[in-house]
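Below is a report on side-chain contacts in one protein model. It covers charged pairs, nonpolar cores and aromatic rings.

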Amino acid sequence: MKTFRADLHIHTVLSPCASLEMSPAKIIEKALEQKLDLIAVTDHNSTRQCALTKKLAEQRGLSVLLGCEVNTSEEVHVLCFFRDLETTRIFQKFLDKHLPKIQNKPDFLGYQLILDEHETITGEEPYFLGSGLYSGIDTIGNLVDKLQGIFIPAHIDRPHNSIFSQLGFLPPSLKTDALQISRYADEHKTKIRYNIPDDITIISCSDAHYPEDVGSGVTRFFMEELSFAEIKLALNRQQGRYTEIEKK
């Protein structure tokens, strides 16, 4: 079994809350400096910066999970990941359909930029990506499951935009692959506080909005190889694969 270091919650310049320094190239540079093997692009309610990040990263030997951080109608943030560009595009159509058409105001809400491989701005998302979708967590979770993706409620320890702050409990019918805690949260204390069963995997990620935060929250994956199938097995503790939060 091999060990892979991962940070699965990183925002690019496409997220209105992220620094304008968070270009795909800058993120990759920082990830390599931190000796990461795997990162995930998780912009708010959009996957449109995933393909470029994956392309640039793989040229330098870094693996990338395609995904996003979805804000549900309940204002719960969830990380959704997909095995390939085709299923990512299917999910993007769902996002486009269910995102409220609230015009973004860059000077007030933040810029939402799309870059090319030369870090040239090629587009800007017109509608505010921080909005809650016109779709609930159950619907979104079921769609991710149908697409054979990975579904992880984000920063569950936070007092806002977490599944416990918004719902008060973890719905037993929700098909989660893991739960994510913030980089400063204590795994053991979080489990006790929210009465999380021991058989549910907990991962830690940076939720990076600035270059210096990339890799500040790391989870180790113990797998045979770096692939989507192996990552899903590790999160679900199947066939001897598993994860472990890296201690600071």
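Arg220 is partly exposed, at 31% relative accessibility. (Buried means under 20% relative accessible area, exposed over 50%, and partly exposed in between, with a 1.4 Å probe and protein chains only.) The side chain of Arg220 meets that of Glu246 in a salt bridge, 2.9 Å from N to O. Arg220 sits in strand S10 (residues 219-223) and Glu246 in the segment after strand S11 (242-245), so the pair ties together parts that are 26 residues apart in sequence. Arg5 joins in: Arg5, Arg220 and Glu246 are linked in a network of salt bridges.

The model is predicted: local features need pLDDT of at least 70, side-chain atom pairs count only at pLDDT 80 or more, and totals for chains, interfaces and linings use all residues. Residues are numbered from 1 along each chain as its sequence is written, and side-chain values use heavy atoms, with hydrogens and water left out. Helices (H or I, at least four residues) and strands (E, at least two) are DSSP runs, numbered from the N terminus.

**Salt bridges**

Side chains of opposite charge can pair when their charged atoms come close. A salt bridge here is a side-chain nitrogen of Lys or Arg within 4 Å of a carboxyl oxygen of Asp or Glu. The whole structure holds 14 salt bridges. Three of the pairs are tabulated below.

| Pair | N to O distance |
|---|---|
| Arg220 and Glu246 | 2.9 Å |
| Glu117 and Lys55 | 3.4 Å |
| Lys191 and Glu187 | 3.8 Å |

Take Glu117 and Lys55, whose side chains form a salt bridge. Glu117 lies in the loop between strand S5 (113-115) and strand S6 (121-124), and Lys55 in helix H2 (residues 50-58), so this pair ties together parts that are 62 residues apart in sequence. Glu117 is partly exposed, at 40% relative accessible area. Lys55 is partly exposed too, at 41%.

Lys191 and Glu187 both belong to helix H7 (residues 187-194). They are four residues apart, about one turn of the helix. Is Lys191 buried or partly exposed? Lys191 counts as buried, at 16% relative accessibility. Glu187 is partly exposed, with a relative accessible area of 24%.

Glu230 counts as buried, at 8% relative accessibility. It touches Met223, Glu224, Glu225 and Arg241, leaving aside residues up to four places away in sequence. Contact means heavy atoms within 4.5 Å.

**Nonpolar cores**

In soluble globular proteins, nonpolar side chains tend to be buried together. A nonpolar core is a set of buried Ala, Val, Leu, Ile, Met, Phe, Trp, Tyr and Cys residues joined through side-chain atoms within 4.5 Å. The largest such core has 31 residues. Val70, Cys80, Phe91, Ile140, Phe151, Ile156 and Ile196 touch the most other members. Strand S3 (63-71), strand S4 (77-82), helix H3 (85-98), helix H5 (137-146), helix H6 (163-166) and strand S8 (179-181) each supply at least two residues. H5 gives the most, with four residues. Apart from this core lies another, of 21 residues, among them Ala31, Leu36, Cys50 and Leu113.

Phe151 has contacts that include Val78, Cys80, Ile140, Val144 and Leu174.

Leu179 is found in strand S8 and counts as buried, at 0% relative accessibility. Among the residues that Leu179 touches are Ile152, Ile156, Leu170, Ile196 and Ile203. The C-alpha atoms of Leu179 and Gly240 are separated by 19 Å, and the two residues are 61 apart along the chain.

**Aromatic rings**

The structure holds four aromatic pairs. (Rings of Phe, Tyr and Trp, the last by its six-membered ring, pair if their centres lie within 6.5 Å; planes under 30 degrees apart count as stacked, over 60 as edge-to-face and the rest as tilted.) The rings of Phe82 and Phe91 have centres 4.6 Å apart and planes at 35 degrees, so the pair is tilted. Both Phe82 and Phe91 are buried. The rings of Phe164 and Tyr194 have centres 4.3 Å apart and planes at 5 degrees, so that pair is stacked. Phe164 lies in helix H6 and Tyr194 in helix H7, so the pair ties together parts that are 30 residues apart in sequence. Phe164 and Tyr194 are both buried. Phe82, Phe91 and Phe94 form one aromatic cluster.

Lys101 lies over the face of Tyr127, at 5.7 Å from the ring centre. (A charge sits over a ring if NZ of Lys or CZ of Arg is within 6 Å of the ring centre and within 35 degrees of the ring normal.)
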